[in-house]
Amino acid sequence: MSQFTIKDDEVDIVIGALQPDLTSFMEQWRPFFSRFHLIIVQDPDLKGELKIPEGFNLNLYTKSDIDKVVGSSSNAISFSGYSCRYFGYLMSRNKYIISIDDDCIPAKNSNGEPIDAISQHIINLTTPATPFFFNTLYDPFCEGADFVRGYPFSLRSGVECGLSCGLWLNLADYDAPTQSLKPDLKNSRYVDAVLTVPARTMLPVSGINISFNNELVGPALLPAFRLAKEGKVRWETVEDIWTGMCVKVVCDHLRLGVKSGLPYVWRQERGNAVESLKKEWEGVKLMEDVVPFFQSVRLSESAVTAEDCVVEIASSVKEHLGPLNPTFDRAAETMVEWIKLWKRVRAN
Amino acid sequence: MSKPATPVAPPLKDELDIVIPTIRNLDFLEMWRPFFQPYHLIIVQDGDPTKTINVPEGFDYELYNRNDINRILGPKASCISFKDSACRCFGFLVSKKKYIFTIDDDCFLESEFGLGSVICMSVNCRDEFSLFAGRGGAGVSFGDLGVNGPREYAKKKFFVYVAKDPSGKEINALAQHIQNLLTPSTPFFFNTLYDPYRDGADFVRGYPFSMREGAPTAVSHGLWLNIPDYDAPTQLVKPLERNTRYVDAVLTIPKGTLFPMCGMNLAFDRELIGPAMYFGLMGDGQPIGRYDDMWAGWCTKVITDHLGLGVKTGLPYIWHSKASNPFVNLKKEYKGIYWQEDIIPFFQSVTLPKESTTVQKCYIELSKMVKEKLGPIDPYFTKLADAMVTWIDAWEEINSPAQSAPAADAKKDGPSSKKK
């Protein structure tokens, strides 16, 4: 397998800071973060100054930066909570972006050594994806694997990877009902595989540990789907699930790949599933409409960029989902605003 | 007779048949004895019917050779391949059980406990355990013992192989297949933590609750460590590559996605999907080989997608010991390599009519489409389409209600030999 080497300055690590003290988080990731440029965006609702250790090459954005750039013209877009990271994406000029929640630390391998999730994401993004036919030995481009008997040769060069979805050990990304019902359910299974999620197959993308090709799909990583009582723990959000499906539709349409699997990060316990369930359960209900919608949406041939695709998806959301719930209507509007903002920021 | 270290409970003992095609011998059954002995075996003997295949003592089996196949199916026997492991589908045809597990005769138990290592228990000294590392790792090598490998050692010492994982649990490929088949699949929406019905897993955030019941599982496709299932060109380029990666996952292949199904380590629900498991015309007198399981897999997937059933892949792993000759393979496969470029788009575009509500109906429709769309590529496909129809005719004949009663004419329909 040959994998072209990328320059470190093609990568941005974007961290949304929802907690005031990032010291422990950054120290644990230091061996893997320090080579790269970081963009840290402080949740605009988080008051005070962030504590960040020395020795990183980083840009920090706070509420005042967000207000300055976004201004009042795009008042439909909220960058509060987990959505603050999207401001970081907006500001990034680099090709590859990797994002990890600030309550995750490196997972350890069987020798007790921390796993370099950053490198794995880069490998995922820079090796081809294979969405048109399933390879039973998973990623054929990794060392020691290949395409199996019966895999058409014309499909073996694969396509570019647009999005790489990593996983989590310890506290898995279950929803509040599931985690409430099974409070002791932790993910301890390390599945040593990366696979391409097939074309036209939808999946729930978790924002906890992801990376993407900013040049190819950047505009589709958008803050649009906000629950009325959205909170500061993942159990109280589904914004990433929405965004992930937008990205998958875009990738399917533009013949790009979406991978899932390695790398794992270790997700620390935070919050209380039962409390979250009491507070915000609407997200779970809304998925019933969201998933069938994304499974059936089709884009026109004239949509040739991620921006075009997002605009078409937004229009379809407004038409088909808008009537069902105001959250969908708002999402459609926000998506359109986001593309305008994206283009404006890029033009400057 | 040797006994396993701990008793192995046989799930679905009376509902599952193990189908094994063979042309050489069945020594490998010794290794599987603790897991296979409770089950009924259907052995399909390929090649020269006058040759006697020796089945180790103590197994409950029926064995069919070419003469039996010709006798039982009459002119319909033309759909069963000769000199190719595709003949195994005859075993699927005559089975009376709900589930089938099929395996090749060069496949062994896999152990998580160091690849290729086995824990042997002596018949005479039950308290004596020895650990052998088949590949790397510490321990005594087979060479040290003056034997070529685990099989020869077993034959010499009547040892029983009971593979265990680090927690001490026995790895039982058959039990894993059964688990896969008895739990639902999730073909409609991808679960990023793979099979949500496995211990220690569940559906992730964002997975709609209305989809969490899943779909009935029709097929469980297992994988292989050591010799990977590569095609001939890949084998020629990478003769030394071995699959050493144990991926601890079972996952559902999403609806609308095709995959290359390998028949080496396969289990399925015969009641749900049996008639689609036709392994085509391969081997002697045919222009193609080593595409039997591929063909069955593509037909099966299109039909399971249509009928709302699921196909799982992943665990269990078996240890694939024998690498076939890549030059021989190339000769068998090369037409397939060209043809699959047309075959795949064909299967990807198949839509079955709403009226096709049974597997048999779906399969007949498929055969018509094969004749129409693939026939122009090569006359082989026209023959294959006809054979697909013959297969369904044979299936209906053998599996019609009249047949499910004890056969009055046992001599006509029975195997040439059975035991137990």
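Predicted model: local features only at pLDDT ≥ 70, side-chain atom pairs only at ≥ 80, totals over all residues.
Let's begin with chain B. This chain has 13 helices and 13 strands. Of its 420 residues, 59% count as buried. Now think about which residues touch one another: among contacts in chain B with a separation of 6 or more, 73% are between residues 24 or more positions apart.

Next, look at how helices pack. Two packed helices are described by the angle between their axes and the distance between the axes. The crossing of α8(B) past α9(B) is right-handed. On the α8(B) side, the contact is made by B:W295, B:W298, B:C299 and B:V302, and α9(B) brings B:Q340, B:I343, B:I344 and B:F347. Sorted by class, seven of these residues are nonpolar, one is polar and none is charged.

Helix α10 (residues 306-320) and helix α11 (residues 326-347) of chain A have axes that come within 8 Å and cross at roughly 160°. Because angles over 145 degrees count as roughly antiparallel, α10(A) is roughly antiparallel to α11(A). Here the crossing is left-handed. Residues in the contact include A:V310, A:A314 and A:V317 of α10(A), together with A:F328, A:M335 and A:W342 of α11(A). This contact has 11 nonpolar residues, no polar ones and five charged ones.

What about the interior? In soluble globular proteins, nonpolar side chains tend to be buried together. The largest nonpolar core in this model has 242 residues, and those with the most contacts inside it are A:W242 and B:W295. Helix α11 (residues 379-399) of chain B gives the most to this core, with 11 residues. Zoom in on A:W242: leaving aside neighbours within four places in sequence, its contacts include A:V317, A:F328 and A:M335. A second, separate core has five residues, among them A:L171 and A:W235.

Finally, visit A:S83, which sits in the loop between α2 (63-70) and α3 (84-91) of chain A. Is A:S83 buried or exposed? Its relative accessibility is 3%, so A:S83 counts as buried. Beyond its neighbours within four places in sequence, A:S83 is in contact with A:S78, A:P223, A:R226, A:E230 and A:E239.

How values were computed. Residues numbered from 1 in each chain as written. Chains lettered and ligands numbered in written order. Heavy atoms only, no water. Axes fitted to C-alpha atoms, helices over the stretch in contact; angles between N-to-C directions. Helix = DSSP H or I, 4+ residues; strand = E, 2+ residues; numbered from the N terminus. Parallel < 35°, antiparallel > 145°, perpendicular 65-115°, else oblique. Left-handed = near helix turned anticlockwise from the far one by under 90°. Contact = heavy atoms within 4.5 Å. Nonpolar A, V, L, I, M, F, W, Y, C, P; charged D, E, K, R; others polar. Core = buried A, V, L, I, M, F, W, Y, C linked by side-chain atoms within 4.5 Å. Buried < 20%, exposed > 50% of the residue type's maximum accessible area, 1.4 Å probe, protein only.
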